[in-house]
Amino acid sequence: MADSQYKNILVAIDGSKATSKVLEAGIDIAIRNHAHLDILTITQVDQLTDGYSNAVLSDEQTYDAVHRTQERMEDLKQKAVDAGVTDISIHIRFGNPKRVIAREFPKDHHNDLIVIGATGISGMERFMVGSVTSYVNRNALSDVMVVRIAEND
């Protein structure tokens, strides 16, 4: 798709140290293409309960978690606005990040490019759950740009 222009860019972030670089790459592409920018984060329910219990979060705990995430997403949106992006949406989803990023979200929002970090989790977590980035790269409905960060970043 080198000759075509991207119209709907999905930036998938996870709050890791890669988030800033991934967002910057998405912002740059959105500005160059005059494109819509979707900033997406996905929360797995087992992440909210540390994955070690069958505890159900109270409504208040769920609200607090979503509210904190919403505030962070608003900050990221403002960063994109400050950089010159004019068409931005932020999204918080619950579910399996692999499927949501690779297929579900892009299908619903007509994204033609997914920008994602090379990794946002530790080696042990990657071994246990598999790399979201690898899955997205293999199964995405659209082009995928993988942003790598230096280890000292």
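**View 1. Fold of the predicted protein.** The protein holds six helices and five strands. Both are DSSP runs, numbered from the N terminus: helices are H or I with at least four residues, strands are E with at least two. In sequence order the pattern reads β-α-β-α-α-β-α-β-α-α-β. Residues are numbered from 1 along each chain as its sequence is written.

View 2. The protein has 153 residues, and 37% of them count as buried. Buried means under 20% relative accessible area, exposed means over 50%, and partly exposed lies in between (1.4 Å probe, protein chains only).

**View 3. The salt bridge between Lys-79 and Glu-24.** The count comes to one salt bridge (a side-chain nitrogen of Lys or Arg within 4 Å of a carboxyl oxygen of Asp or Glu). Lys-79 pairs with Glu-24, and their closest N and O atoms are 3.7 Å apart. The pair links distant parts of the chain, 55 residues apart. Lys-79 sits in helix α3 (residues 59-83), Glu-24 in helix α1 (residues 19-33).

**View 4. Accessibility of the two partners.** Lys-79 is partly exposed, at 34% relative accessible area. Glu-24 is also partly exposed, at 33%. Side-chain values use heavy atoms, without hydrogens or water, and side-chain atom pairs count only at pLDDT 80 or more.

Methods: This is a predicted model: local features need pLDDT of at least 70, side-chain atom pairs count only at pLDDT 80 or more; totals for chains, interfaces and linings use all residues.
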